[in-house]
Amino acid sequence: MCTTCGCGDEANTRVSTLQQPEGMLEHEHPHVHAEGHDHPHPHGHGPGHEHTVHHPETITLEQNLLAKNDLLAARNRGWLAGRGIRALNVMSSPGAGKTTLLVRTLAELGARLNAGVIEGDQETSLDADRIRAVGRPVIQINTGAGCHLDADMLRRGLDALDPQTGSTVFIENVGNLVCPALFDLGETAKVVVVSVTEGDDKPQKYPHMFRAADLVIVNKADLLPYVEFDVDECLRQIRQLNSHAHFLVLSATTGEGLAGWYDWLDNASTRSDTLTESLTDAH
Amino acid sequence: MHELSIMQGLVDAVLDRTGERPVAAVNLRVGSLSGVLPDAMRFCFDVVAAGTPLAGARLQIDEPEGVARCRSCAEEFVLADLILLCPCGSADVEVLSGRELMLMSVEVA
Ligand SMILES: Nc1nc2c(ncn2[C@@H]2O[C@H](COP(=O)(O)OP(=O)(O)O)[C@@H](O)[C@H]2O)c(=O)[nH]1
Ligand SMILES: [Mg+2]
Ligand SMILES: [Zn+2]
Ligand SMILES: [Zn+2]
Ligand SMILES: [Zn+2]
Ligand SMILES: [Zn+2]
Ligand SMILES: [Zn+2]
């Protein structure tokens, strides 16, 4: 834990390339705290009276509680835009198929997209190892107790990955449909993956995540015959929360529907798509 | 639990302004549609404030409810969740309140 401010998450976060020993990319603790402050009211007191007593007062702050993250996210966004790099923040519950989808995408499209990956997990580098096996650059971020990536972690991930101008960076966020929705990373687009085995009421249960999405992927379509999952009902719930998100149904393992995902990847550098376009994408 | 990182950020933001001065109270505004739970914030606050000048401070959370205005029928109505739908059937609604996630002020001793 940072003894200056008491923040714990970042001290536990580890960024590693899997090539060098862990710890070589440890960051400098980035934030600055006030070095004391001026006594605001230099009124007189008797001799020998040295005091640092302040009078009770209310200090107005009126700032967003996510202001610091939002500022860092805006910096990331500018940095990415300046280099023509597209960063896609992929989010889901654990096990929805993010890594499977990324591995397949990288195998089929990785070279053309010049793609790299930033893997966020609480522990282990198992997912990063799966990506590395396809031969694309990957950086592992272990968040420890942290349940989401934040803009500062992405900054550090990008520093370590060092993506080329014009490339695509896939960010696999920590498996969690709650908090990653609140932490803007400065990504180009947010991709939410839900698998058919999770039930079609996910949008209703996690409205913030589905509201923030630019693309919703329903994965494991190969299992649709075996589970109760109403694709139209899922889309209907998403539309109640989000009128602009694209919607795709696919299977990362059989490859069914992947063409729609690859089309989206080819066009996603322009984010302002129309609703009509997105509706025609639906299965 | 994102409330923990949010409260760590809060302690940081307060200390940047108040330094060593003991903080007696922290005033927040957390809307019912913000995605952040006030009870979880209170719990996390005690954890992250321990050992700082914020330890023991009162955490006062104002919780505005979700209110929206319909652009079709001009009606204002309470939003219980993020489903942006006016009772008249229109989805063209503007959220007026409920999404706040603000550090308003602190009271220092
Ligand atoms: N049947 C089926 N299984 C899948 C599909 N995509 C992923 N899986 C399986 O779901 C499990 C979790 O996948 P993984 O990619 O690790 O999920 P992540 O936690 O979101 O990264 C693995 O056993 C995958 O093989 C799919 O399209 N169909
Ligand atoms: Mg994974
Ligand atoms: Zn710190
Ligand atoms: Zn004085
Ligand atoms: Zn979290
Ligand atoms: Zn959380
Ligand atoms: Zn109306």
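B:H2 counts as buried, at 5% relative accessibility. Buried means under 20% relative accessible area, exposed over 50%, and partly exposed in between, with a 1.4 Å probe and protein chains only.

First, the ground rules. This is a predicted model, where local features need pLDDT of at least 70 and side-chain atom pairs count only at pLDDT 80 or more, while totals for chains, interfaces and linings use all residues. Residues are numbered from 1 along each chain as its sequence is written, chains are lettered from A and ligands numbered from 1 in the order in which they are written, and side-chain values use heavy atoms, leaving out hydrogens and water.

Now, the metals. What are the protein donors of the zinc ion (ligand 6)? They are A:C179 (SG), B:H2 (N) and B:H2 (ND1), at 2.1 to 2.4 Å. Donors here are N, O and S atoms within 2.8 Å of the metal (3.2 Å for Na, K and Ca); water is not among the atoms, so sites may look incomplete. The pair crosses between chains: A:C179 sits in the loop between β6 (168-172) and β7 of chain A, and B:H2 in helix α1 (residues 2-18) of chain B. Helices (H or I, at least four residues) and strands (E, at least two) are DSSP runs, numbered from the N terminus. A:C179 is buried too, with a relative accessible area of 2%.

A:C179 also coordinates the zinc ion (ligand 5), and the two zinc ions are 3.6 Å apart.

Next, the nonpolar cores. A core is a set of buried Ala, Val, Leu, Ile, Met, Phe, Trp, Tyr and Cys residues joined through side-chain atoms within 4.5 Å. The largest has 33 residues, and B:M7, B:L10 and B:L28 are among those with the most contacts inside it. Which element gives the most to this core? α1(B) does, with 7 residues. Strand β2 (57-64) of chain A also gives two or more. Another core lies apart, with 29 residues, including A:V231 and B:L84.

Last, the second largest pocket. Its lining has 22 residues, and B:R99 and A:K190 are among those nearest its centre. A pocket, on a 1 Å grid over the protein atoms alone with a 1.4 Å probe, is an open set of points with protein on both sides within 12 Å along at least five of seven lines; lining residues have an atom within 4 Å of a point. The largest share of that lining, 3 residues, comes from α7(A).
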